[in-house]
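Colleague: I'd like to learn how to read a few features of a model. Could you walk me through one?

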Amino acid sequence: MVAPMSHARCRLVVLIVALIILQPGCNSAERADRPNVIYILADDLGYGELGSYGQTKIRTPNLDRLAREGMRFTQHYSGSPVCAPSRATLLTGLHTGRTLVRDNYELGGFLDEEERGQLPLKPGTVTVGTLLQDHGYATAIIGKWGLGGPESTGIPTEQGFDFFYGYLDQKQAHNYYPTHLWRNTEWDTLRNEYFHPHQRIDDEPEEIAAYDRFKGTDYAPDLMTSEALGFINDHRDDPFFLYLAYPIPHVALQVPDESLDGYDFEETAYLGQRGYLPHPRPRAAYAAMVSRMDAYVGQVLELLRELDLERKTLVIFSSDNGPTFNGGTDSGFFRSAGPLRGLKTEVYEGGIRVPMIARWPGHIAGGSTTDLVSAFWDVLPTIAEATGFKPPEGLDGISFLPTLLGQAASQQNHNHLYWEYHGRWDGAQAVRMGRWKGIRLGGHSDPRALVELYNLEVDVGEQANVAHDHPEVVKQIREIMSSRAPSEIEEWNFAEDP
């Protein structure tokens, strides 16, 4: 027989239950008031590749609608000119002078049995996922990860995400018809046979069917979209955070044939001479990939409408860096970087300035535009403030929620933004400070490497180096560049580092 509970113990239990119920995140009314957040990230989409940013050859009706119904940022920056470090800054709120991941750091190879991913995030890393997960949000990352391979400490389910579906390894994402994707920590076998994602054809085939060997049955972004719609459906009654990281339009040029309809450019077949996979109609394929991603975004927006979640959901769209230069792409033809200089892997504006659109009906004024200077490391504090939680201290980011809400007078501004990149130019650094943009190339081996200086107010294309005319500005920028934290990866340090 169980002994009856004493009055004192009974009161204690009631008190404990009451405290649990009243905790932030446990009150059903509070939970119902919290906004959902969907952050959609394109891969290698240039500043000028959406209609709302001036594109005329690629159709993006759904993203253009997002801009009409939300706010378009004209001076938003990615975290890096390449994939993994850019995503690290997005998730951690730290720029590349302080993050663990400061460049693509490849492990393993391209074969399935060689899949090891990239440099993994460490245990205990504070990410936007851990922040929202700790406050009762359902969290998911669907798409391309790139911050830790199989069985590493960096896998999404160890970094604040309840659910993951997609590519763990960036190298696997070079093929849109892979043999598998990952569902959390499990290998999800697809109906595709393995083929290497980098091949060449020596002579142009007479028959277009010769390119069929670079196709499969299951197109990975289609599956990702299905999973994303399922996650939204499953959590329609709970606050959720969905990080939807599409691999599009990163090469290889691969897209289901039906998406090519309506694109009829003057073409020269791409045979694989600049890496990745051949395609008979490279310009049409690239445009079709962007348009197909736009259609996926349209499906997400339509589901939010059907579920009556539009006014409860902050949707943000951006790209991880500027447009690419290889794999059969033609950034000049599409004017992919708009008026900006440079492409992916460069710290000039074209490599790091990216489109960003935010929509939140009832909160963000439709058809609005802002020239606020902001960057990926601002996303974590912004989402934290929008969802009612305090971000951790010591971040490099500043919330741009006041700007989203039309409260520009209360918006805090950056004194400067900082980038570093280690995969090109013998080390590259960049600083945005007001109207000034400073760039230093070659700092790995030469501590005296010159700083280029551009006045972006009058020279957004970075054509006139005015460093000689403004030595005091150059000095300030050098001091900012020197204030970076040395990396534990020796090859990511500069000549003057201690």
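This is a predicted model: local features need pLDDT of at least 70, side-chain atom pairs count only at pLDDT 80 or more; totals for chains, interfaces and linings use all residues.

Colleague: Fine. How many salt bridges does the count come to?

Modeller: The general idea is to look for a side-chain nitrogen of Lys or Arg within 4 Å of a carboxyl oxygen of Asp or Glu. By that rule, the count here is 30 salt bridges.

Colleague: Which residue forms a salt bridge with Asp212?

Modeller: Lys215 does, with the closest N and O atoms 3.1 Å apart. Asp212 is partly exposed, at a relative accessible area of 40%, and Lys215 is partly exposed too, at 33%.

Colleague: And what about Lys437 and Glu349, how far is N from O there?

Modeller: Those two side chains meet in a salt bridge at 2.8 Å, N to O. The pair links distant parts of the chain, with Lys437 in strand β16 (residues 436–441) and Glu349 in helix α9 (residues 349–352), 88 residues apart.

Colleague: Is Lys437 buried or exposed?

Modeller: Buried, because its relative accessibility is 0% and the cut-off for buried is under 20%. Glu349 is buried as well, with a relative accessible area of 0%.

Colleague: Which residues are linked in a network of salt bridges?

Modeller: Asp43, Arg87, Lys144 and Asp320 are linked in that way.

Colleague: Let's move on to empty space. How do I look for it?

Modeller: Rolling a probe the size of a water molecule over the atoms shows where empty space is left. Searching the whole structure turns up 2 cavities of 30 Å³ or more.

Colleague: What is the volume of the largest cavity, and which residues line it?

Modeller: Its volume is about 70 Å³. The lining of the largest cavity includes Phe110, Asp112, Lys171, Tyr177, Glu193 and Phe195. By class, that lining has 6 nonpolar, 3 polar and 3 charged residues.

Colleague: How do the residues lining the second largest cavity divide?

Modeller: Into 4 nonpolar, 5 polar and 1 charged. The second largest cavity has a volume of about 40 Å³, and among its lining residues are Leu372, Asp378, Phe400, Gln411 and His414.

Colleague: What volume does the largest pocket have?

Modeller: About 230 Å³. Of the 19 residues lining the largest pocket, the closest to its centre are Asn104, His174, His250, Tyr276 and Lys344. The lining of the largest pocket divides into 6 nonpolar, 7 polar and 6 charged residues.

Colleague: Now contacts. Where is Pro355 placed?

Modeller: Pro355 is in strand β11 (residues 353–359), and it is buried at a relative accessible area of 0%. For contacts, leave aside the neighbours within four places in sequence; Pro355 then touches Leu45, Gly46, Tyr47, Leu50, Tyr53, Phe317, Ser318 and Ser319. Also look at Thr74: Pro355 and Thr74 are 281 residues apart in sequence and 6.9 Å apart in space, C-alpha to C-alpha.

Colleague: Which residues is Ser259 in contact with, once those neighbours are left aside?

Modeller: Ala288 and Arg292. Ser259 lies in the loop between β9 (240–245) and α7 (282–306), and it is buried, with a relative accessible area of 15%.

Colleague: Which residues does a cis peptide bond join here?

Modeller: One joins Ile248 and Pro249, with omega about 0°. Another joins Val251 and Ala252, with omega about 25°. Pro249 is found in the loop between β9 and α7, and Ala252 is found in the loop between β9 and α7 too.

Colleague: And what phi does Glu151 have?

Modeller: A positive one of about 65°, although Glu151 is not a glycine. Glu151 lies in the loop between β5 (138–144) and β6 (163–167), and it is exposed, with a relative accessible area of 82%.

Colleague: Is Thr345 buried or exposed?

Modeller: Thr345 is buried, with a relative accessible area of 10%. Its phi is also positive, near 75°, and Thr345 lies in the loop between α8 (331–334) and α9.

Conventions:
Residues are numbered from 1 along each chain as its sequence is written. Side-chain values use heavy atoms; hydrogens and water are left out. Buried means under 20% relative accessible area, exposed over 50%, partly exposed in between (1.4 Å probe, protein chains only). Helices (H or I, at least four residues) and strands (E, at least two) are DSSP runs, numbered from the N terminus. On a 1 Å grid over the protein atoms alone, a cavity is a set of points where a 1.4 Å probe fits but cannot get out, and a pocket is an open set with protein on both sides within 12 Å along at least five of seven lines; lining residues have an atom within 4 Å of a point. Grid points are joined across faces, edges and corners, and a volume is the space filled by probe spheres set on the points. Ala, Val, Leu, Ile, Met, Phe, Trp, Tyr, Cys and Pro count as nonpolar, Asp, Glu, Lys and Arg as charged, and the others, Gly among them, as polar. Contact means heavy atoms within 4.5 Å.
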